[in-house]
Amino acid sequence: GILARKIGRRWSIVLGFLLAVVSFILVGIFVTPSSSSKMVVFTLFYLISGFGLIFANVNTLPMVLELSTPRDVGKFTGYYYMATMTAQTLGPIFGGLVMDYISSRGIFFFSAICIAIGAMLMLFVKHGESPDFATKFKKTKIA
């Protein structure tokens with residue numbers, strides 16, 4: 001929330017997605033159970049990816065709520081939860097297929113690709129910033 005107030009919700013989400021993508025790619029490269037030092041690197045990058053996804057998670061629902069009016073807040077919240085629950089249902093199915101037919105390390109690259117798609121889609125979002133940030137941004141842009 002603090003980061004979103006400084007750079008905006010949209011860019012907080014994009015930054016979080018980028019952290020997660022880079023971390024998952026590095027996890028996919030370093031994941032091997034053979035070396036304890038590689039497991040430390042794996043754990044570190046996996047932790048960083050979790051923080052990146054938290055940046056996105058914390059900011060998405062407030063962004064959706066900012067886009068809605070009091071009349072349609074329930075509808076927009078329903079769309080949000082339908083999308084997230086669908087992803088939570090289909091993600092493990094497709095991830096399992098990747099692990100079965102490609103490799104167990106492939107799950108990290110699959111995750112990175114899915115999150116990168118989310119980051120690209122986020123670049124098209126033009127609304128949903130908090131009123132404080134939007135006002136500050138307009139004043140800075142005008143000055």
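**View 1. F76 and Y79 within helix α4.** F76 and Y79 both belong to helix α4 (residues 73-101), where they are three residues apart, about one turn of the helix; helices here are DSSP runs of H or I with at least four residues, numbered from the N terminus. The model is predicted, so that local features need pLDDT of at least 70 and side-chain atom pairs count only at pLDDT 80 or more, while totals for chains, interfaces and linings use all residues. Residues are numbered from 1 along each chain as its sequence is written, and side-chain values use heavy atoms, with hydrogens and water left out. F76 is partly exposed, with a relative accessible area of 25%, and Y79, at 48%, is also partly exposed (buried means under 20% relative accessible area, exposed over 50%, and partly exposed in between, with a 1.4 Å probe and protein chains only).

**View 2. The aromatic pair of Y80 and Y81.** The rings of Y80 and Y81 form an edge-to-face pair, at 4.9 Å centre to centre and with 80° between the planes; rings of Phe, Tyr and Trp (its six-membered ring) pair if their centres lie within 6.5 Å, and planes under 30 degrees apart count as stacked, over 60 as edge-to-face and the rest as tilted. Y80 is buried at 13% relative accessibility, whereas Y81 is partly exposed at 39%.

**View 3. A cluster of aromatic rings.** F24, F42, Y46 and F108 are linked into a cluster by ring pairs.

**View 4. The surroundings of N59.** N59, a residue of helix α3 (residues 36-67), is buried, with a relative accessible area of 5%. Leaving aside residues up to four places away in sequence, N59 touches A4, R9, S12 and I13, where contact means heavy atoms within 4.5 Å.

Key. Helix = DSSP H or I, 4+ residues; strand = E, 2+ residues; numbered from the N terminus.
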